[in-house]
Amino acid sequence: MHFGYWTPIYGGFLRNLGDEGMPATWDYVKQLSQLADRLGYHTTLVPELYLNDRKGVDAPSLEAWSLSSAILAVTEQLRVMTAVRPGFHLPAVTAKESATITDIAGTTEASAARFALNVVAAWWEEEARQYGGAFTRHDDRYRQATEFVDVLRGLWEHTPFTHQGEHFTVRDSILSPKPSIHPPVFAGGESESGRESIATFADSYVLHGGTVDEVRSKIADMNARSQRIHQRDMAEFGMSTYVIVRDTEAEARAELDRITTVDPHSPGYASFEEFVKNSELDVELSKREYSVGTRGLRPDLVGTPEQVAEKIRAYQDAGLTLLLIQCSPAHEELERIAEQVFPLVPAREYLLTTGG
């Protein structure tokens, strides 16, 4: 099990709270990144959002790619997984950017890549409208993502490279210098067409938060697809999750109640009501889904260090290899998790026995 975390590009993770003490500034992200690097975190996921989907569209958010380059320049071992949405990017330009960022990143002590991509097929139609992105419909967006990655890998591997496709065209393109190590490609999606496409173009799979049984089932399904297509398992399985660690379970549950309490007088209450109306969950479960997003509270990693570590070990046994943690405020909670939970989960022993 590797421990990772989300970079808070939008000033926090909680829709029900205002100021979380995590300003959307480079200064804060720099301090957090260097702290996480010292603490031994393996990966940070940098989401790509031009509008703020946690604090409201008028709230500030930072741009993922420039931020990722800066994080890699001021850290030593931390891997940066940068989200990329094919509807907003030309793949040839992304291949060029990736080669340069890979050079900035270098490799870890184990000679692994420090830069990775999280291909997000599509997200948020309003954002695409405001920023001029292409918002493709469901099945087509995965065809677009597959083609996007085909162009990336083609340019990373061949010179010149030509591709004539439904969404992208490049002719006799030269990419030099090429990346010294190919950035691993992650992707997530749960529809039948999404999972089949991801098993085709991605190295690794990322999941929203889920129960241990849900995660085990999805991992088995994706490995079966990858074996059929490539004759290999997927390289990594990551899951987004919100983590609350306290000295007692009662304290942890009190914090959970605090962050899931929706103020009926808050500006976001109307969007919560809309979420509940469109959700198949009851109101209490809807509060959890809405409060954090990415189903981060569904794994219920809430409790004492021992309780949280026990649950994490269950996910590890189910085949999960990477936790992508959200917590608030991140600079305090990531340190608490590293000090109190890391020693209880056999991450280092696991790496030694598998060769990393």
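## A cavity and some salt bridges

By class, seven nonpolar residues, one polar residue and one charged residue line the largest cavity (Ala, Val, Leu, Ile, Met, Phe, Trp, Tyr, Cys and Pro count as nonpolar, Asp, Glu, Lys and Arg as charged, and the others, Gly among them, as polar). Welcome to a predicted model, in which local features need pLDDT of at least 70, side-chain atom pairs count only at pLDDT 80 or more, and totals for chains, interfaces and linings use all residues. Residues are numbered from 1 along each chain as its sequence is written, and side-chain values use heavy atoms, leaving out hydrogens and water.

**The cavity**

- A cavity is a set of points on a 1 Å grid over the protein atoms alone where a 1.4 Å probe fits but cannot get out, and lining residues have an atom within 4 Å of a point.
- The lining of the largest cavity is R85, G87, F88, A121, A122, W123, A128, A134 and F135.

**Salt bridges**

- The structure holds 25 salt bridges (a side-chain nitrogen of Lys or Arg within 4 Å of a carboxyl oxygen of Asp or Glu).
- One of them joins the side chains of E190 and R295 at 2.9 Å, N to O; this pair links distant parts of the chain, 105 residues apart.
- The side chains of R258 and E255 also meet in a salt bridge, at 2.9 Å, N to O.
- E255 is buried, with a relative accessible area of 11%, whereas R258 is partly exposed at 43% (buried means under 20% relative accessible area, exposed over 50%, partly exposed in between, with a 1.4 Å probe and protein chains only).
- A network of salt bridges links E192, R195, E196, D221, R225 and R228.

Technical notes. On a 1 Å grid over the protein atoms alone, a cavity is a set of points where a 1.4 Å probe fits but cannot get out, and a pocket is an open set with protein on both sides within 12 Å along at least five of seven lines; lining residues have an atom within 4 Å of a point. Helices (H or I, at least four residues) and strands (E, at least two) are DSSP runs, numbered from the N terminus.
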